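Please open the model in your viewer and keep the selection tool at hand. The tour below goes from one stop to the next, saying what to select and what is there.

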Amino acid sequence: MSARVTETGQKAAEGARIHAAGAGLRLRGGRDVLRGVTLEAPPGRITAIAGGSGAGKTLLLETLAGLRRPSSGLVGHDGADPAEAAVPFGFVPQEDILHRGLGLRQSLRYAARLRGADGEDVDRVLRELGLWGCAGQSVGSLSGGERKRAGIAVELLTRPRALFLDEPTSGLDPATGARLMDLLGRLAASGVTVVLTTHSPADLARCDRLLFLAPDGSPAREGTPGEVLGHYGAADFTEVYTAVAEAPAIRPAPEPADPPAPLPARPARRPGPRPGPGALAQWLLLTRRGGELLRRDRLSAAIMVGSPLMIVAMFALLFRPGVFDPARPVPSSTAMVLFWIAFGAFFFGLAYGLLQICAELAVVRRERLTALRLGPYLAAKVTLLLPVLAIADALLLVVLRAGDRLPDAGAGVYGSLFATSALASAAGLALGLLVSAAVSDPGQAALALPLLCFPQVLFSGAFVPVPLMAAAGQWIGAAMTNRWAFEALGSAAGLEELWTHGASPLGPPLLASYGDSFAHAPWSRWLILAGFTVLFLSAAGWMLHRRCPTRSRPLTGGTGRR
């Protein structure tokens with residue numbers, strides 16, 4: 001493939017020079033996963049990182065791209081620290097980095113606007129990568145090879161000088177994988193520096209330079225495909241994999257007397273990545289994209305609409321009419337009606353928020369490396385979902401009042417009930433977003449749902465009044481948003497007066513067991529619910545900040561993929 005570089009001549013010099021000198025990486029816990037790696041990825045060529053599973057290929061790729069800071073040694077882009085050099089680069093992980101629910105062209109347009117590109121760039125990459133014919137299809141309907149090319153298309157929107165790919169042919173049949181490698185060869189010939197990881201022996205023969213990693217993350221052998229085969233006396237790369245796994249690696253001394261070789265001299269600074277839109281523009285753009293995703297995902301939309309309707313129907317079947325009748329109230333039922341309103345509002349928000357981030361975490365990680373800001377991202381989620389939750393809450397109150405399951409009161413009372421429900425939903429949504437930012441996939445989020453709901457039920461003070469709880473239970477109850485929503489609803493609905501002056505003899509002793517739970521003004525509980533919402537959203541932003549590094553804040557450890 002070196003002829004390809006000769007034919008492109010001056011173009012190949014436009015690629016970035018990626019260099020590592022004695023680079024090592026130590027994860028949390030003190031485990032070394034990369035040891036003394038020295039590598040030069042020249043412009044206009046394909047450099048492949050190979051080795052067995054667990055050898056550290058992905059970690060090395062992330063380190064070379066500047067997404068992780070080496071624990072020892074040096075990594076440079078054009079002779080400078082990657083964060084300082086600001087070399088435009090693309091990074092294609094194994095996961096999809098486009099939303100499957102959107103059309104290909106539409107998804108690329110959102111990605112382009114977020115990166116400061118435009119519609120012409122979208123049309124250009126669609127043609128260059130042979131995706132013009134399927135531009136109108138949803139990303140989820142594309143074949144495996146087409147989705148891989150679509151991921152590369154995202155990265156080519158801003159004309160990167162280096163392209164890093166994590167096992168780009170994984171999961172593809174041999175013919176499709178070969179076509180994808182040919183595409184990467186054409187990109188390299190145009191001047192882009194291409195660095196990739198692979199398990200496929202067929203891919204290695206199509207690359208210009210190879211680096212094999214030993215099982216412990218040490219460099220085993222580096223060179224052209226022919227040089228690597230000749231060194232091991234192997235007929236094909238399958239034999240090389242076996243030899244690398246069995247032979248001791250060539251390792252540097254554990255404590256070298258001299259520092260690692262310096263980075264090559266840095267050339268004149270080239271323009272960095274194009275700036276993306278500001279915070280307000282990002283918020284509008286992300287809200288619009290989220291709305292389009294919601295509109296296209298009919299199953300999720302049906303669940304969002306159907307869940308409140310189903311809960312409303314269960315309320316109508318569970319509680320008989322007239323439980324709030326002042327002449328003959330049913331104190332235990334009134335408490336349960338208000339509790340389940342509070343819990344229903346919380347549950348709506350939690351269920352809507354749990355899948356919002358983990359289902360698109362790979363997209364968020366990649367966009368975070370370009371221009372994505374976490375504030376506008378989370379604000380777009382709230383802007384899109386909170387009105388839907390408010391409608392569900394209002395519907396719940398309207399139907400229950402129409403069925404005589406709530407008191408006959410004026411607009412002020414129902415305004416207070418609605419405000420409490422909306423704030424309970426907002427707190428549930430924020431908690432759902434926090435958990436969604438912390439887990440890795442929707443399956444984990446689904447497992448978290450009952451774990452988050454049970455404490456809200458048990459420690460809200462509805463089934464066991466707070467004054468009757470053990471001290472530890474009271475402390476736990478103070479951390480449950482459902483408790484404060486339940487108390488605000490009870491205060492707004494006038495439970496104290498209803499239970500004291502009603503005809504039921506159960507009222508006074510029941511009220512005594514609740515103490516002053518309903519004696520506080522609803523607005524005091526609203527402040528607590530609003531505080532929880534802000535706390536959960538801030539924690540979600542912090543979690544995403546830790547999990548989604550930027551070029552200026554590479555990861556220094558963790559248990560990332562290898």
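**First stop: helix 19**

Select helix 19, which has 12 residues and spans 17 Å from its first C-alpha to its last, close to the 16 Å expected at 1.5 Å a residue (the expected span being 1.5 Å times one less than the number of residues). Helices here are DSSP runs of H or I with at least four residues, strands are runs of E with at least two, and both are numbered from the N terminus. This is a predicted model, in which local features need pLDDT of at least 70 and side-chain atom pairs count only at pLDDT 80 or more, while totals for chains, interfaces and linings use all residues. Residues are numbered from 1 along each chain as its sequence is written, and side-chain values use heavy atoms, with hydrogens and water left out.

Now colour helix 19 by accessibility: 12 of its 12 residues are buried, so the helix is largely enclosed by the rest of the structure. Buried means under 20% relative accessible area, exposed means over 50%, and partly exposed lies in between (1.4 Å probe, protein chains only). Just after helix 19, select Gly494, which takes a positive phi of about 70 degrees.

**Second stop: the aromatic rings**

Rings of Phe, Tyr and Trp (its six-membered ring) pair if their centres lie within 6.5 Å, and planes under 30 degrees apart count as stacked, over 60 as edge-to-face and the rest as tilted. The structure holds 16 such aromatic pairs. In one of them, the rings of Phe339 and Trp340 have centres 4.7 Å apart and planes at 65 degrees, so this pair is edge-to-face. Phe486 and Phe518 also form an edge-to-face pair, at 5.4 Å centre to centre with 85 degrees between the planes. Phe486 lies in helix 19 (residues 481-492) and Phe518 in the loop between helix 21 (507-514) and helix 22 (522-547), so the pair ties together parts that are 32 residues apart in sequence. Both Phe486 and Phe518 are buried.

Next, select Trp132, where the charged end of Arg127 sits over the ring, 4.0 Å from its centre, and where Arg105 lies over the face at 4.9 Å from the ring centre. A charge sits over a ring if NZ of Lys or CZ of Arg is within 6 Å of the ring centre and within 35 degrees of the ring normal.

Which partner does Arg161 meet in a salt bridge? Select Asp78, whose side chain meets that of Arg161 at 2.8 Å, N to O; a salt bridge is a side-chain nitrogen of Lys or Arg within 4 Å of a carboxyl oxygen of Asp or Glu. Both Arg161 and Asp78 are buried.

Move to helix 5 (residues 119-128), where Asp121 and Arg124 lie three residues apart, about one turn of the helix. Asp121 forms a salt bridge with Arg124, with the closest N and O atoms 3.3 Å apart, and Arg124 also meets Glu128 in a salt bridge at 3.5 Å, N to O.

**Last stop: confidence**

Finally, colour by pLDDT, the predictor's confidence in each residue, from 0 to 100. The protein averages 86, and 89% of the residues score at least 70. Select residues 1-13, over which pLDDT stays under 50, and then residues 251-260, where it is also below 50. Where pLDDT is low, the predicted coordinates should not be read in detail.

Notes: Contact = heavy atoms within 4.5 Å.
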